[in-house]
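Colleague: Could you pick one part of this model and take me through it closely, residue by residue where that helps? I'd like the cut-offs behind your terms as you go.

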Amino acid sequence: MSGGVQEQFEIKFRLPDGTDIGPKRYPAASTVATLKESIIAQWPKDKEKGPRTVNDLKLINAGKILENNKTLSECKSPICDFSGMTTMHVVVRPPTSDKQSNKIAPKPKDFRCGCSIM
């Protein structure tokens, strides 16, 4: 199929709150990172905690997390051949904060169990 029209896939993205971005058509040669950049650009402004970079997002299709460097045509599988409209699920990685890394684990001696043999 050289020199012809490049294959395109119609994709919509399901956000964590159940709302959708799209559908929109993407060329088969589009990378997953390109899709993520599109999601960030179209992210609803009224939603809090939106992603800032492609690494803040994970795209899941047919139960598989898609890798940034893969193209859509490389992500096709028998389970998902992108025929018709495809819905990909978007997972936003929560921002890491210094507060989480500074939590002090409880000391083991705080959790005591006593046994009595009678």
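Modeller: Gladly! Let me begin with burial: a residue is buried under 20% relative accessible area, exposed over 50% and partly exposed in between, using a 1.4 Å probe and protein chains only. Please keep in mind that this is a predicted model, in which local features need pLDDT of at least 70 and side-chain atom pairs count only at pLDDT 80 or more, while totals for chains, interfaces and linings use all residues. Residues are numbered from 1 along each chain as its sequence is written, and side-chain values use heavy atoms, with hydrogens and water left out.

Helices (H or I, at least four residues) and strands (E, at least two) are DSSP runs numbered from the N terminus. By that count the chain has three helices and five strands, following the pattern β-β-α-β-β-α-β-α along the sequence. E1 covers residues 8-14 and E2 covers 20-27, and threonine 19 sits in the loop between these strands.

Let's start with the aromatic side chains. Rings of Phe, Tyr and Trp (its six-membered ring) pair if their centres lie within 6.5 Å; planes under 30 degrees apart count as stacked, over 60 as edge-to-face and the rest as tilted. This rule gives a count of one aromatic pair. It is made by phenylalanine 13 and tyrosine 26: their ring centres are 5.9 Å apart and their planes stand at 70°, so the pair is edge-to-face. Since phenylalanine 13 belongs to E1 and tyrosine 26 to E2, the pair ties together parts that are 13 residues apart in sequence. Both phenylalanine 13 and tyrosine 26 are buried.

Now for the charged side chains. A salt bridge here is a side-chain nitrogen of Lys or Arg within 4 Å of a carboxyl oxygen of Asp or Glu, and searching the whole structure turns up three. One of them links glutamate 10 to arginine 25, with 3.8 Å between the closest N and O atoms. Glutamate 10 lies in E1 and arginine 25 in E2, so this pair ties together parts that are 15 residues apart in sequence. Glutamate 10 is partly exposed because its relative accessible area is 27%, and arginine 25 is partly exposed at 48%.

How is each member covered, buried or partly exposed? Lysine 12 has a relative accessible area of 17%, so it is buried. Arginine 14, at 26%, is partly exposed, and aspartate 20 is partly exposed at 34%.

What does threonine 19 touch? Contact means heavy atoms within 4.5 Å. Setting aside neighbours within four places in sequence, threonine 19 is in contact with Phe13, Arg14 and Lys47. Its side chain also makes a polar contact of 2.7 Å with that of aspartate 17. For that term, a pair of N or O atoms must lie within 3.5 Å; within protein, one must be able to donate a hydrogen and the other to accept it, and residues adjacent in sequence count only if both atoms are side-chain atoms. The C-alpha atom of threonine 19 is 9.7 Å from that of proline 44, which is 25 residues away along the chain. Threonine 19 is partly exposed because its relative accessibility is 32%.

Glycine 22 and proline 23 are joined by a cis peptide bond, with omega at about 15°, and proline 23 is located in E2.

Finally, what packs against these strands? The buried residues of helix H1 (residues 32-42) are Val32, Ala33, Leu35, Lys36, Ser38, Ile39 and Ile40. Their packing partners include both E1 and E2. For the chain as a whole, buried residues make up 26% of the 118 residues. Of the contacts between residues at least 6 apart in sequence, 53% join residues at least 24 apart.
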